[in-house]
Amino acid sequence: MLTSCGTYKTQTFSDKIIPIKPNYELESSWAVLPSKYSDDFKKYASNNIDTLKADVFYIYPTLNTSKKDIRWNVPITDKEQKSKIINKAVLFQASAFALSGKMYVPLYRQAHYRSFVKDYKSEGKNALDLAYEDVKEAFKVYLKNYNNNRPIIIAGHSQGARHGVQLLKDFFDNSPLQEKLIAAYLPGIKILPDEFRTVRPMSSPREVGGFVSWNTFKKGKYPKNKYWYKGAVTSNPITWDEKLNTSIEQHKGFLYSDGKLYTKALKIDVTNNGLIWSTNPKFPLRFFMSFLKNYHSGDINLFWQDVRENSLLRTQEWFDKNNK
């Protein structure tokens with residue numbers, strides 16, 4: 001059955017139309033495994049990934065936003081979606097962590113963007129829950145088949161961060177596995193300071209065992225919906241401490257879609273209402289970006305080199321603390 005609400009046409013959510021459940025025992029159900037790096041991704045990774053002592057479990061953001069797509073969840077066999085995962089999300093987000101650990105990126109039956117739209121709240125929750133079922137199952141298989149008692153970075157953005165939050169609740173929070181948590185990088189959603197029982201927001205660059213999160217907007221601009229940011233944890237993705245602003249010299253690097261790294265490209269203010277305010281980044285197409293107020297899609301790659309260096313620092317700190 002087709003229904004229409006607002007700007008989206010959609011199917012009625014039903015067990016009869018959900019895509020086939022992935023089998024994470026199969027390599028084909030993973031976008032990235034240590035044995036399955038694309039040539040482009042290898043450019044950002046260690047020359048010898050076998051020497052890496054930690055793991056990174058990365059969950060990609062919402063990539064299916066088409067108003068013409070009536071599906072609630074995308075099959076992991078969808079070629080267009082898979083291309084976006086590997087050539088966009090993995091290449092410009094997951095790559096920031098590629099020196100810190102071996103990379104694991106499960107394909108999952110991602111929920112369509114409208115799942116976050118108020119008019120579709122009920123069926124959207126069903127779609128998001130289905131997507132998380134896959135992420136949870138993939139993580140179980142990762143622990144069983146790949147982890148070998150190694151420390152872990154959890155990384156995700158937007159919908160991926162939402163699933164990352166639930167992973168922390170189900171596997172790490174108030175659990176022995178938290179001892180293996182180097183850090184969780186979960187920007188692009190609202191996470192409250194007391195979201196977890198024992199996993200806490202981190203407020204120094206060497207801190208381990210907790211999480212960081214932020215939501216990036218153009219300086220002086222706000223989202224329409226205060227719910228998305230009011231009261232959220234707002235980490236500083238440049239200094240990683242409690243400083244409320246930065247200078248342009250402190251910014252380590254923005255990875256743009258041309259594959260080039262632009263250093264000293266922006267400065268930020270950490271607001272008291274859950275937002276990071278950024279200046280318009282200095283790069284060749286900055287004129288066009290000046291018309292944007294929502295920098296959500298750049299939450300990671302705007303601070304790509306900053307994230308890269310910090311994840312390395314926290315990883316080394318974890319090993320120093322644990323005498324490994």
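Start with the contacts of Thr62: beyond its neighbours within four places in sequence, Thr62 touches Gln110, Ala111, His112, Tyr113, Phe116, Ser158 and Gln159. Keep in mind that this is a predicted model. Thr62 sits in the loop that runs between strand E4, residues 55–59, and helix H2, residues 79–92. Is Thr62 buried or exposed? Its relative accessible area is 15%, and the cut-off for buried is under 20%, so Thr62 counts as buried.

One of those contacts is polar. The side chains of Thr62 and Gln159 are joined at 2.9 Å.

Gln159 takes us to helix H4, which covers residues 159–172. H4 has 14 residues and spans 19 Å from first C-alpha to last, close to the 20 Å expected at 1.5 Å a residue. How many of its residues are buried? The count is 10 of the 14, so H4 is largely enclosed by the rest of the structure. Gln159 is among the buried ones, along with Gly160, Ala161, His163, Gly164, Val165, Leu167, Leu168, Phe171 and Phe172. Just after H4, Asn174 has a positive phi of about 55°.

Now to another loop. Asn294 lies between helix H5, residues 286–289, and helix H6, residues 304–321. Asn294 is partly exposed, at 39% relative accessible area. Setting aside neighbours within four places in sequence, Asn294 has contacts with Thr216 and Phe217. What lies 2.8 Å from a polar atom of the Asn294 side chain? That is the backbone nitrogen of His296.

How values were computed:
Residues are numbered from 1 along each chain as its sequence is written. This is a predicted model: local features need pLDDT of at least 70, side-chain atom pairs count only at pLDDT 80 or more; totals for chains, interfaces and linings use all residues. Side-chain values use heavy atoms; hydrogens and water are left out. Helices (H or I, at least four residues) and strands (E, at least two) are DSSP runs, numbered from the N terminus. The expected span of a helix is 1.5 Å times one less than its number of residues. Buried means under 20% relative accessible area, exposed over 50%, partly exposed in between (1.4 Å probe, protein chains only). Contact means heavy atoms within 4.5 Å. A polar contact is a pair of N or O atoms within 3.5 Å; within protein, one must be able to donate a hydrogen and the other to accept it, and residues adjacent in sequence count only if both atoms are side-chain atoms.
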